[in-house]
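Please look through the structure shown here before reading the notes.

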Amino acid sequence: MDNKSDKNYEDQLRSIKEDVDALQSHLLSKKTPFYRQATTLVAFLALLFSFGTTVVSYYRVAEQDRRASLIELRGLIQDIGSFPKQDADNNLKFKGNQTVLTALSANLNSQNMVLAKEAAAIIRNVPNRVLAIEYSAVGTALSKSGLIKEAFFFHEEAAKRADNPIAATGAYRTLAGFAVAEKDGETARKYMKKAREIFERFPLATQYVKDQTNTETEIQSARMELDLGEYDRAKEHIEKAIELHKRLQPAWPLTLQSKAQIEQIKLNLSLIEQSK
């Protein structure tokens, strides 16, 4: 191959190499990660910041809404709690005027129903932010307006969420009472059984709290069986109540109150025996 041919060959080779280099550079630029491309990186960071700001703003607004709902709920419960006093005041003020008392009572019941439903709706929107006592208060308000089915749910939640044995047993006794009103003895006993077993859940309660709570549970069980016409069962429960009552401080108000309840149920059972 002559010199001229060699030179042409080298020129062609150099030209091809330059083309390959240019193509390789172009391809590499296409494969460069986005984080090595300044304009892409800036745009991505701007998008990420915007997204983060939106998320934070959303949660902040949601939290503000939840707090506002809880404030509204507590206001409604406070209003509902004022109705019994209003009713008592009306009975004193309009004593003997049954027409006025009936109208005022109906008005209070309507207000109670409206506010109780509003409170129930709020609780369903923020269920995990509500205290057991608030579930119980709304359940009681619903039951006073005859909304027993709805009240069941709120008292069951109150029992589950209660952080002390007295609140939990109170909720279970209330549920048992609803069942008795429906003449459903089996369901009523199921709830009273949960009330008796409450200290498996709260084993660190003091002995006095255990004795007082269990005494009250047995008294309520005896009264429940009386209402259901199960007199032998009632007698069993009142006998248990008497034994538990012996452990209580004799001069304490709750002890005296329990004793009066026991004596009343014993009297009722005695009258039933005599009538047979």
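The notes below describe a predicted model. A search of the whole structure finds 13 salt bridges, and the structure also holds six aromatic pairs.

**Aromatic rings**

- The ring centres of Y172 and Y191 are 6.5 Å apart and the planes meet at 25 degrees, so this pair is stacked.
- Y172 belongs to helix α7 (residues 165-181) and Y191 to helix α8 (residues 185-196), so that the pair, 19 residues apart, links distant parts of the chain.
- Y172 is buried because its relative accessible area is 11%, under the 20% limit.
- Y191 is buried as well, at 3% relative accessibility.
- Ring pairs join F152, Y172, F178 and Y191 into a cluster.
- K190 lies over the face of Y191, 4.7 Å from the ring centre.

**A buried histidine**

- H155 is part of helix α6 (residues 148-161).
- With a relative accessibility of 1%, H155 counts as buried.
- Apart from neighbours within four places in sequence, H155 has contacts with S136, G139, T140, A171, T174, L175 and F178.

**A loop residue**

- Most residues other than glycine have a negative phi.
- K183 is not a glycine, yet its phi is positive, at about 60 degrees.
- K183 sits in the loop between α7 and α8.
- K183 counts as exposed, at 60% relative accessibility.

**Helix α4**

- Helix α4 (residues 98-125) has 28 residues.
- From first C-alpha to last, α4 reaches 41 Å, close to the 40 Å expected at 1.5 Å a residue.
- The buried residues of α4 include L101, L108, N112 and L115.

**Salt bridges**

- K85 and D89 form a salt bridge, with the closest N and O atoms 3.0 Å apart.
- About one helical turn separates K85 from D89, because they are four residues apart in helix α3 (residues 83-93).
- K85 is exposed at 56% relative accessibility, whereas D89 is partly exposed at 37%.
- K235 and E273 meet in a salt bridge at 3.5 Å, N to O.
- This pair links distant parts of the chain, with K235 in helix α11 (residues 231-245) and E273 in helix α12 (residues 253-275), 38 residues apart.
- K235 is partly exposed, with a relative accessible area of 32%.
- E263 and K266 form a salt bridge at 3.7 Å, N to O.
- E263 and K266 are three residues apart in helix α12, and therefore separated by about one helical turn.
- Salt bridges with shared partners join E157, K160 and R161 into one network.

How values were computed:
Residues numbered from 1 in each chain as written. Predicted model: local features only at pLDDT ≥ 70, side-chain atom pairs only at ≥ 80, totals over all residues. Heavy atoms only, no water. Helix = DSSP H or I, 4+ residues; strand = E, 2+ residues; numbered from the N terminus. Buried < 20%, exposed > 50% of the residue type's maximum accessible area, 1.4 Å probe, protein only. Contact = heavy atoms within 4.5 Å. Phe/Tyr/Trp six-rings, centres within 6.5 Å; stacked < 30°, edge-to-face > 60°. Lys NZ or Arg CZ within 6 Å of the ring centre and 35° of its normal. Expected span 1.5 Å × (residues − 1). Salt bridge = Lys/Arg side-chain N within 4 Å of Asp/Glu carboxyl O.
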